[in-house]
Amino acid sequence: MSDKSDIPYQSPLVPNLLAESDLIQFRCHKGIACFNECCRNIDITLTPYDLLRLKQRLELSSKELLNQYTLPFEMDAHGTPGVKLKPVEGGTACQFMTEDGCSVYEDRPTACRYYPLGLMSIRKSGEYSDEQGFALVKEDHCLGHNEDRTLTIQEYREEQGVEEYDELTREWRRLILKKKSAGPSIGKPPEMSLQLFFMASYNVDQFQQFVTSEQFLGTYQLEPDLIESLKTDQLEVIKFGARLLKQVLFGEITIEVVSGATEKRVQRQKARAEELRELARKQAEADTKAAEGKGS
Ligand code: SF4
Ligand code: SF4
């Protein structure tokens, strides 16, 4: 199963996008001769909501999920981090594939739900808003295209339950698209920003700790209700992640900074540097005395 989603076309050869009202001929079912074929050779990019659903389903920590079921990759030339489903050891099949089909079916990732469609977001040069459409992927092994069923793309999306997935990652997808569309002109983001991107997008446990820490809440001014939901609801945490990333990467300010927070941080850093200098001075004094003692 190939992941054809989210490809920001910058070439003039924009593919013919299908709309929600367009018809497709397709049906996938357990009795079909190619059953499971699409899960034997996977290339599936995961979104923050995909990871959250899998994490909750498998009752794993973010760290465990990332280690056991994902592989990192770079989404663009600037090294924006992405994660894909990790296949079985030494093979290409999905770890969740069983003889009976997908073992995480109710929580399968967006790309698996969409297949054989790819969700495409396109931002044309010079335009601010992006256009969303769908591309139909026809792979030789997939016999679902020969089945006698025709339905609209919207009906297929409803059947596959992708609307919720799209809704919850819309802002995050826009962020990726904006980043990719910006191309080399904005330069490579600092390493710290890329680390923040990874944490906010894929390691919800760590990001939740970060955004509810004293240090973060001393820097950003958040509503008490939001703080409470960030402490208790990881879905809110991933939504907040996209918001924070937009602010950090593109300067779209929606989270107020506590007045004087930057100055306080600089002061704390200065005080820490002063403490270190004082320690070094005392150590040097002690070394000198010790050396004098030996010499006398
Ligand atoms: S998660 Fe399920 S549907 Fe997706 S590739 Fe794996 S087995 Fe197939
Ligand atoms: S019809 Fe296509 S999507 Fe369904 S099992 Fe066969 S290869 Fe996979």
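Let's start with ligand 2: the residues around it are Cys28, Ile32, Cys34, Phe35, Asn36, Glu37, Cys38, Tyr115, His141, Cys142, Leu143 and Gly144. Sorted by class, that shell comes out as 8 nonpolar, 3 polar and 1 charged. Keep in mind that you're looking at a predicted model.

**The other ligand**
- Ligand 1 has 12 residues around it, and the ones that come nearest are Cys39, Cys94, Phe96, Cys102 and Cys112.
- What classes make up the shell around ligand 1? There are 11 nonpolar residues and 1 charged one, with no polar residues.

- Helix H1 covers residues 48-58 and helix H2 covers residues 62-69.
- To describe two packed helices, you give the angle between their axes and the distance between the axes.
- For H1 and H2, the angle is about 100° and the axes are 10 Å apart.
- Angles of 65 to 115 degrees count as roughly perpendicular, so H1 and H2 are roughly perpendicular to each other.
- Which residues meet where H1 and H2 pack? From H1 you get Leu51, Leu54, Lys55 and Leu58, and from H2 you get Ser62, Leu65 and Tyr69.
- Split by class, this H1 and H2 contact has 5 nonpolar residues, 1 polar and 1 charged.

**How confident is the predictor?**
- Across the chain, the mean pLDDT is 88, and 87% of the residues reach 70 or more.
- Over residues 4-14, though, the pLDDT is below 50.
- That stretch, residues 4-14, still has 25 contacts in the model beyond near neighbours in sequence.

How values were computed:
Residues are numbered from 1 along each chain as its sequence is written. Chains are lettered from A and ligands numbered from 1 in the order in which they are written. This is a predicted model: local features need pLDDT of at least 70, side-chain atom pairs count only at pLDDT 80 or more; totals for chains, interfaces and linings use all residues. A residue is near a molecule or strand if its C-beta atom, placed from the backbone, lies within 6 Å of it. Ala, Val, Leu, Ile, Met, Phe, Trp, Tyr, Cys and Pro count as nonpolar, Asp, Glu, Lys and Arg as charged, and the others, Gly among them, as polar. pLDDT is the predictor's confidence in each residue, from 0 to 100. Two residues are in contact if their C-beta atoms, placed from the backbone, lie within 7 Å. Axes are lines fitted to C-alpha atoms, for helices over the stretch in contact, and angles run from 0 to 180 degrees between N-to-C directions. Helices (H or I, at least four residues) and strands (E, at least two) are DSSP runs, numbered from the N terminus. Angles under 35 degrees count as roughly parallel, over 145 as roughly antiparallel, 65 to 115 as roughly perpendicular and the rest as oblique.
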